[in-house]
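I set out to record what I looked up in this structure, entry by entry.

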Amino acid sequence: MNIRIFNSSEDLNATAAAVIAGLLLTKPQAMLGLATGSTPIGIYQRLADMYRKGQVSFARAFAVNLDEYVGLSQEHPQSYRRFMNEHLFQHIDIPIAHTRVPDGNAVDLAAECAAHEQAILDHGHVDLQLLGIGHNGHIGFNEPGHSLTGSTHVVDLEERTRTANARFFGHIDAVPKQAITMGVGTILKAKQIVLVAFGADKADIIKQALTGPVTTECPASLLQCHPNVLILLDQEAGGWIN
């Protein structure tokens, strides 16, 4: 596990983008596992800028997203499909047919989970998985519990997770109570994982995930079992490291 701490968010975002671009230079057809929320926005802006400057192409790449809220159409302002289109896909040369975000509005959610999992398996697993981390240690929408589901599945969102995301919806009552998420098993099969965290409010859970016991009560702690994890933190999130 490689942990790096940065003095600025700009340097952190540039490093994460460079890692992704470097993969595409050596493997243009790579499958990228992508995340949403506030954490990766600066990384996506940097990647779009690199594409505009001719420094990277996504024309042969594939992208698969970690998760999506259940019950939101793809056009909903807070759907993750719309997020990805607006923050990345519309600004680079990746074919939309090469992108996959779970359909949270699918009639048959179990079939949609199976289709998402199969899309990943068809490409031999994810080459690089980008992750954020929740305040309760969730990765994707895999919430703490006595056990975790390995493959893509529907999950009930914890109240703390819904409260944290209420800022995007205006009120917690508008936040969906379920989501489709890649399972921890699927995430851990990625060839490389890049975990990004900003802010002092993430310091405690980062410390717990990276140095505490490996337990399903802190899903991110399972990353300790992966052989190729890059942790990118700002000064505040990594302040516990001496």
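The entries below follow that order.

**Basis.** I worked from a predicted model, in which local features need pLDDT of at least 70, side-chain atom pairs count only at pLDDT 80 or more, and totals for chains, interfaces and linings use all residues. Residues are numbered from 1 along each chain as its sequence is written, and side-chain values use heavy atoms, with hydrogens and water left out.

**Sheet.** I looked up the strand order and found an open sheet of seven strands, β1-β10-β9-β6-β2-β3-β5, with parallel pairing. Helices (H or I, at least four residues) and strands (E, at least two) are DSSP runs, numbered from the N terminus; two strands pair if DSSP finds at least two bridges between them. At the edges I noted β1 (2–6) and β5 (99–100), each of which pairs on one side only.

**Strand β6.** I then examined β6 (residues 128–131) and its partners. Two bridges join β6 to the parallel strand β2 (residues 31–34), where glycine 33 stands opposite glutamine 129. With β9, β6 pairs in the parallel sense over four bridges, and leucine 130 faces valine 194. Leu128 and Leu130 point one way from β6, Gln129 and Leu131 the other way, and all are buried (under 20% relative accessible area; exposed is over 50%, partly exposed in between; 1.4 Å probe, protein chains only).

**Strands β9 and β10.** I recorded five bridges between β9 (residues 192–197) and β10 (residues 229–234), again in the parallel sense. Leucine 195 stands opposite isoleucine 231 there.

**Cysteines.** I counted zero disulfides, taking a disulfide as a pair of cysteine sulfur atoms within 2.5 Å. The sulfur of cysteine 218 has its closest cysteine sulfur in cysteine 225, at 12 Å, which is too far for a bond. Cysteine 218 counts as buried because its relative accessibility is 1%, whereas cysteine 225, at 55%, counts as exposed.

I next consulted the largest pocket, with a volume of about 700 Å³. Of its 35 lining residues, Thr36, Gly37, Ser38, Asn165 and Phe168 are the closest to its centre. I found that β4 (67–69), α3 (80–87) and α5 (159–169) each supply at least two lining residues, and that α5 gives the most, with seven. On a 1 Å grid over the protein atoms alone, a pocket is an open set of points where a 1.4 Å probe fits, with protein on both sides within 12 Å along at least five of seven lines; lining residues have an atom within 4 Å of a point. Grid points are joined across faces, edges and corners, and a volume is the space filled by probe spheres set on the points.
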